[in-house]
Amino acid sequence: MIENILDRYRRKVRVRIPATTSNLGPGFDALGMALKLYNEIEVSWLKEHGEAHTEIEGEGFAHLPRGEKNPIVQAFRLLLPKTRFPWALRFRMRNRIPLGRGLGSSAAARLGGLLSAAALRDFKDAAVADMVAQAVALEGHPDNVIPAFHGGLCVSIWDGEHGGAGRHPVWLRLKIPKDLGVVVCLPDYEVSTEKARKLLPAKVPLKDAVHNVQRIALLIGALERGELGLLRTAMDDLLHQPYRRPLMRGMEAVIAAAVKAGAFGAALSGAGPSVLALTLRGPKQAKIGREMQKAFFRSGVESRYLALDVEPSGARIEIET
Ligand code: HSE
């Protein structure tokens with residue numbers, strides 16, 4: 001019986017999904033950028049009935065749920081449910097994306113689970129675009145899933161009726177300078193996106209909305225034209241960062257320290273608590289990272305930093321026949 005299945009399905013697939021930093025200050029739920037830091041998932045059938053086997057290496061090793069409760073397996077099961085596919089599967093996960101730090105780990109898990117299931121089906125009745133849309137629907141906002149899949153800096157919209165089945169992502173990859181470098185400083189505490197979103201108000205003053213509309217337009221233009229001196233002004237935000245402050249110990253001091261150390265601009269990475277700084281690739285990344293760490297430390301928070309490049313191509317799928 002398992003042989004029959006294997007005739008119609010691929011035996012083994014590997015999926016690599018990059019980390020993402022979203023919002024970039026004013027682009028709340030709209031802007032996101034893929035980074036060269038990846039989670040890798042390898043999925044293969046086992047010749048027996050039973051639960052999914054999960055082997056986890058790296059981030060989340062100590063506390064991520066195993067087996068069918070694992071978030072990657074749960075996303076995978078949306079396409080290949082256990083009731084219809086009782087054969088056990090082996091999931092090997094090599095996690096490099098820190099959890100709960102604003103680097104798109106949940107988007108990577110959801111997208112990775114769905115894409116690996118679709119790839120095992122050889123994409124029959126499981127178009128890639130539908131998997132991406134489903135991952136966005138699970139997330140509730142498109143700004144991590146879209147750049148994780150397409151790479152680079154993307155603007156994305158979750159279009160259509162609110163809550164309606166016809167919603168779909170509309171996206172565009174934006175032009176950015178080739179030598180753009182990223183520093184992300186990660187405090188030693190986690191904040192769930194859900195918790196960080198609960199702090200946001202249902203309504204904001206018109207002047208604050210205008211503040212962000214002006215800055216997001218400036219940010220996109222400044223990156224496209226290489227006018228990086230404008231980023232400091234362009235990355236300021238009034239729509240989410242001020243409301244999230246109570247959960248983000250050190251945020252403002254770290255943003256200020258990054259700019260003082262020479263970053264073009266800095267902001268909360270996604271829903272935080274990490275702080276993202278934009279600079280040029282090279283030794284300046286380490287200098288900025290160290291100053292950000294010191295600022296977290298002065299706020300009583302231990303941290304580490306990652307000097308990263310932009311991932312230009314997004315998710316990668318390999319199929320073994
Ligand atoms: N735009 C989302 C937020 C990103 O700020 O809540 C969360 O990953």
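# Briefing on a predicted 321-residue protein model

Of the 321 residues of the protein, 53% count as buried, where buried means under 20% relative accessible area, exposed over 50%, and partly exposed in between (1.4 Å probe, protein chains only). This is a predicted model, in which local features need pLDDT of at least 70 and side-chain atom pairs count only at pLDDT 80 or more, while totals for chains, interfaces and linings use all residues. Residues are numbered from 1 along each chain as its sequence is written, and side-chain values use heavy atoms, with hydrogens and water left out.

**Overall architecture**

- The protein has 11 helices and 11 strands; helices (H or I, at least four residues) and strands (E, at least two) are DSSP runs, numbered from the N terminus.
- The radius of gyration of the protein is 20 Å, which agrees with the value near 20 Å that a compact globule of 321 residues would have. This radius is taken over C-alpha atoms, and the globule rule is 2.2 Å times the number of residues to the power 0.38.
- The C-alpha trace spans about 65 × 40 × 35 Å along its principal axes.
- The protein exposes about 14500 Å², and carbon and sulfur atoms supply 53% of that area. Accessible areas come from the Shrake-Rupley method with a 1.4 Å probe, and for residues only the protein chains shown count as cover.
- Among contacts (heavy atoms within 4.5 Å) between residues at least 6 apart in sequence, 73% join residues at least 24 apart.

**The four-stranded sheet**

- An open sheet of 4 strands has the order β8-β9-β7-β10, with antiparallel pairing; two strands pair if DSSP finds at least two bridges between them.
- The edge strands of this sheet are β8 (265-268) and β10, each of which pairs on one side only.
- From one strand to the next, the twist averages 20°. For such angles, axes are lines fitted to C-alpha atoms, for helices over the stretch in contact, and the angles run from 0 to 180 degrees between N-to-C directions.
- Helix α10 (residues 251-260) lies across β8 and β9 and runs at about 160° to β8.

- Strand β7 (residues 180-187) is mostly covered, with 8 of its 8 residues buried.
- In a regular strand the side chains alternate between the two faces of the sheet. In β7, L180, V182, V184 and L186 point one way and G181, V183, C185 and P187 point the other way, and all are buried.
- β7 pairs with strand β9 (residues 275-280) in the antiparallel sense over 6 bridges. Within β9, L280 is the bridge partner of L180, and V275 is the bridge partner of C185.
- β7 is also joined to β10 by 7 bridges, and these two strands run antiparallel. In β10, R304 is the bridge partner of L186.

**Cysteines and the pairing around strand β5**

- A disulfide is a covalent bond between the sulfur atoms of two cysteines. Here a disulfide is taken as a pair of cysteine sulfur atoms within 2.5 Å, and by this rule the count comes to 0.
- C154 is buried because its relative accessible area is 0%.
- C185 likewise counts as buried because its relative accessibility is 0%.
- Strand β5 (residues 153-159) pairs with strand β2 (residues 27-49) in the antiparallel sense over 3 bridges, and C154 in β5 stands opposite G32.
- Strand β6 (residues 168-174) is joined to β5 by 7 bridges, and these strands run antiparallel; R173 in β6 stands opposite C154.

- D309 is found in strand β10 (residues 303-309) and counts as partly exposed because its relative accessibility is 25%.
- Leaving aside neighbours within four places in sequence, D309 is in contact with A34, L35, K36, R281 and Q285.
- D309 and L247 are 62 residues apart in sequence and 27 Å apart in space, C-alpha to C-alpha.
- N144 lies in the loop between α4 (128-139) and α5 (145-150), and N144 is buried because its relative accessible area is 8%.
- Not counting residues up to four places away in sequence, N144 touches T20, S22, G104, A107 and E139.
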